[in-house]
Amino acid sequence: MLSIEHLLTDLSPLLHQYGYVLLALAIAAEGIGIPAPGQSLLVVASILSSLGQMSLPLIVIVAGSSAFLGNICGYWIGLQCEHILIRKNWLSKQTIDKCHSFIERYGIWGLMMSRFIEGLKQLMPLACGIAKMPFKAFLVGNTFAVILWVLCFGIAPAYLYHQRAFLLDFYHHYAVVTWFVVIGLVIVGVLFAVRQYQKK
């Protein structure tokens, strides 16, 4: 709860000054491997929309399109510029080998799950390109990952912020159950997406 209030205090002035442009740039930057507070800005923007200071439909459109296109740019950079990344020592051969093995092992599942893991989220599009993941598979995984991510961090905060006292009290009493339910829903969603893709 305190961290949310700190985020609002720290990031609200930036969003008031630079608005949707800052949100788009920060989220897109994450897609090409550049550390940026895209997710934090999205949460704050969502809360500001619940306070009538930003437009939730615009936030969803900006965040979704920026994440989707940013990830595609990251994929393309990984696909086309692997030798440059190695020559400039931006990525070690060991890191690239790990990218290959991770993508080969987890595929679309790994791409979707990485969207919710800080650090891995920024590197995964590059890793998919480096590992030569088929573009069709990347598009499917990227689409579902972005949709789930925007739902969790772009839409949910707008509707849950005013219920934060009740939710925090519930969480403190049923933390384990809450995590089991959340993880279960994410797993079911990912399995459904993978199954739909395999049917094509």
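User: I'm looking at helix 3 and helix 6; what hand does their crossing have?
Analyst: Helix 3 passes helix 6 in a right-handed crossing, and please keep in mind from the start that this is a predicted model.

User: And what are the angle and the distance between the axes of helix 3 and helix 6?
Analyst: Helix 3 and helix 6, which covers residues 120–130, pack at an angle of about 40 degrees, with their axes 6 Å apart. That angle makes helix 3 oblique to helix 6.

User: Which residues meet there?
Analyst: From helix 3 the residues are Asn71, Gly74, Tyr75, Ile77, Gly78 and Leu79, and they meet Pro125, Leu126, Cys128, Gly129 and Ile130 in helix 6.

User: Stepping back a bit, how many helices and strands does the chain have?
Analyst: The chain has nine helices and zero strands, so, by the run of elements along the sequence, the pattern reads α-α-α-α-α-α-α-α-α.

User: How much of the chain is buried?
Analyst: Of its 200 residues, 38% count as buried. As for contacts with a separation of 6 or more, 77% of them are accounted for by residues 24 or more positions apart.

User: Which residues have the most contacts inside the largest nonpolar core?
Analyst: Those are Leu15, Leu23, Ile27 and Leu42, in a core that has 24 residues. Helix 1 (2–31), helix 2 (38–50), helix 3 (56–80) and helix 7 (135–160) each supply at least two residues of this core. Apart from it lies another core, of 14 residues, which includes Ile108, Ala127, Cys128 and Val140.

User: Take Ile27, then; what is it in contact with?
Analyst: Once neighbours within four places in sequence are left aside, Ile27 is in contact with Gly38, Leu42, Ala63, Ser66, Ala67, Arg115 and Trp149.

User: How are helix 2 and helix 3 placed against each other?
Analyst: Helix 2 and helix 3 pack at an angle of about 160 degrees, and their axes are 9 Å apart. Angles over 145 degrees count as roughly antiparallel, and helix 2 and helix 3 are therefore roughly antiparallel to each other. The crossing in which helix 2 passes helix 3 is left-handed, and the contact is made by Leu42, Ala45, Ser46 and Ser49 of helix 2 together with Leu56, Ile59 and Ala63 of helix 3.

User: What about helix 2 and helix 7, how do their axes cross?
Analyst: The axes of helix 2 and helix 7 come within 6 Å and cross at roughly 35 degrees, and this crossing is right-handed. On the helix 2 side the contact involves Gln39, Leu42, Val43, Ser46, Ile47, Ser49 and Ser50, while helix 7 brings Trp149, Phe153, Gly154, Ile155, Pro157 and Ala158.

User: Gln39 is in that list; is it buried or exposed?
Analyst: Gln39, which is found in helix 2, counts as buried because its relative accessibility is 16%, and the cut-off for buried is under 20%.

User: What does the side chain of Gln39 make a polar contact with?
Analyst: The partner is the side chain of Trp149, at 2.7 Å. Not counting residues up to four places away in sequence, Gln39 touches Glu30, Arg115, Glu118, Lys121, Trp149 and Phe153.

User: New topic: where is Lys132 found?
Analyst: Lys132 is found in the loop between helix 6 and helix 7, and it has a positive phi of about 60 degrees although it is not a glycine. Lys132 counts as partly exposed because its relative accessibility is 45%.

Technical notes
Residues numbered from 1 in each chain as written. Predicted model: local features only at pLDDT ≥ 70, side-chain atom pairs only at ≥ 80, totals over all residues. Heavy atoms only, no water. Core = buried A, V, L, I, M, F, W, Y, C linked by side-chain atoms within 4.5 Å. Buried < 20%, exposed > 50% of the residue type's maximum accessible area, 1.4 Å probe, protein only. Helix = DSSP H or I, 4+ residues; strand = E, 2+ residues; numbered from the N terminus. Contact = heavy atoms within 4.5 Å. Polar contact = N/O pair within 3.5 Å; in protein donor to acceptor, adjacent residues only side chain to side chain. Axes fitted to C-alpha atoms, helices over the stretch in contact; angles between N-to-C directions. Parallel < 35°, antiparallel > 145°, perpendicular 65-115°, else oblique. Left-handed = near helix turned anticlockwise from the far one by under 90°.
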